[in-house]
Amino acid sequence: MGAKEVIEAGKAVLGIEFGSTRIKAVLVDEAGRPIAQGNHDWENQYENGVWTYSLDMIWTGLQDAYGNLLSDVQEKYGTVIRSLGAIGFSAMMHGYMAFDRDDTLLVPFRTWRNTITEEAAGKLTAELGFNIPQRWSISHLYQAILNGEEHVKDITFFTTLAGYIHWQLTGEKVLGIGDASGMFPIDSTTRDYNKGYIEKFDALIADRGFAWKLEDILPKVLMAGAAAGSLTAEGAAKLDVSGQLAAGIPLCPPEGDAGTGMVATNSVAVRTGNVSAGTSIFAMIVMEHALAGVHEEIDVVTTPVGDDVAMVHCNNCTSDINAWVNLFREYSRLMGIEVDTNTLYTKLFQVALSGAPDCGGLAGFNYFSGEPVTGFDEGRPVFLRKVDADFNLANFMRLHLFSAVSTLKYGLDILFNEEDIKVDKLYGHGGYFKTKEVGQRIMSAATGGPVTVMETAGEGGAWGMAVLALFLASGAGESLSDFLNGKIFAGEEGTTLTATEEEIRGFNEFMKTFKETLPVEKAAVSSL
């Protein structure tokens, strides 16, 4: 069937992902090919010391993204969406959304971006013998307990953003295992929360006298392909304000953006990995053996089917690049030159490849917010240069592209050099890789090995979520890896690039400067 017939037969599948700056809806056909999309741009708010999105922003954004999808369908095919084969929701992982018995949000949504849980994360890591990062949901819960926050005694349920959306549209308090692994550690043998760690947590807070136990307030864990409820009539009305969408559509388990990134790059098998680079940047490596030690720079989460994944997550990536590009745009307009945004980014990215391998004496930090991997609760963007630096545009742009991935490199060095974790295939996706070759070559210089970018990776996490929904709709009669290899990525190899030895040496030289100048960033935070 053609796309119009698939839509009218109710067999199209929808994935929606809530990213940091964009809510994206992607509609796919039965082969996983994108046939329509809708977007909504949004930005987090910094209120009372907390990075947050309001509930109004969440629902207005969702409805606008879906409404724009409907407009795209109407424009392309002259039809409407009345039913779907399946739906899936994903969002930024971690964070904290806590509710009482009346399903009222007890405190404003605390996103992954917050670095306000240092005490809790440190104590939990020591108590469990397992790295618990600041952005994890359990860190937010425990910090609220340590702070003596009044709302904690009233909690009956807490979840992530994806879990919240799914619950509101289906009534089901569930979470995909990948997203759940960013709330609380998962036992990869039982494919559920680690029971021993739950017991330790309950013992840790036993003297507080809460009516709840941790297991009572966590969402239920589900594997990719599992039935996770269906769209209620109320949920359909919340999603589609035009009233055309029918209730009863099956939903797959809601997932985090890490899991959808793995799916979008076909990196769910052991010894594969991916780097997602946009507002934040993280690398996911599916491990063949457990880590020998506990490293605060490395999280252990899971694939959407529960296999252990080493994750190096950095809060900052492209925001500083975007700020400098906006400055160049402002200069162009001042000179009476109107430049297309895509052209501006492409030209500035491309010129970076002609820069010195080590950036020619330029250095800097892209820290808009805190960066726990290198020990910062707050960040300040900093640009530095030696007096005798080769200060030109190529080196300037190369520096900022290097800076965007330097903290990731800092964490990956621990994983590869100290833990001897191997990766055969590393895939890149996200805005950092949008300009052909540039981000891919620099990432290869940072990791020291080949990096592959696939055409479909440009579709991003919303497409990956649609594929997970399609996995449910297909009956999930095979493994997720077999489904991806046989039905979604069959015959697609992507483009693979490997940096030269000179480029790799140059990045390593840059990293020496990066580590030596970390005190400068610390001084900037304390002084500005």
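Ser20, Met92, Met93, His94, Trp112, Asp257, Ser280, Phe282, Met311 and His313 line the largest cavity of this predicted model. Find these residues in the structure above. The space they line is about 70 Å³. By class, five of the lining residues are nonpolar, four are polar and one is charged. Asp257 is the charged one, because Asp counts as charged and Asp257 is in the lining. The search of the whole structure finds three cavities of 30 Å³ or more. How is such empty space found? Rolling a probe the size of a water molecule over the atoms shows where it is left.

Now turn to the aromatic rings. The whole structure has 33 aromatic pairs. Take phenylalanine 184 and tyrosine 193, which pair edge-to-face. The cut-off for buried is under 20%.

A second example is tyrosine 367 with phenylalanine 376. This pair is also edge-to-face, with 5.6 Å from centre to centre and 65° between the planes. Both residues are buried.

Rings can also gather in a group. Trp59, Phe99, Phe157, Tyr164 and Trp167 form one aromatic cluster. Elsewhere, the charged end of arginine 113 sits over the ring of tryptophan 51, 4.1 Å from its centre.

Methods
Residues are numbered from 1 along each chain as its sequence is written. This is a predicted model: local features need pLDDT of at least 70, side-chain atom pairs count only at pLDDT 80 or more; totals for chains, interfaces and linings use all residues. Side-chain values use heavy atoms; hydrogens and water are left out. On a 1 Å grid over the protein atoms alone, a cavity is a set of points where a 1.4 Å probe fits but cannot get out, and a pocket is an open set with protein on both sides within 12 Å along at least five of seven lines; lining residues have an atom within 4 Å of a point. Grid points are joined across faces, edges and corners, and a volume is the space filled by probe spheres set on the points. Rings of Phe, Tyr and Trp (its six-membered ring) pair if their centres lie within 6.5 Å; planes under 30 degrees apart count as stacked, over 60 as edge-to-face and the rest as tilted. Buried means under 20% relative accessible area, exposed over 50%, partly exposed in between (1.4 Å probe, protein chains only). A charge sits over a ring if NZ of Lys or CZ of Arg is within 6 Å of the ring centre and within 35 degrees of the ring normal.
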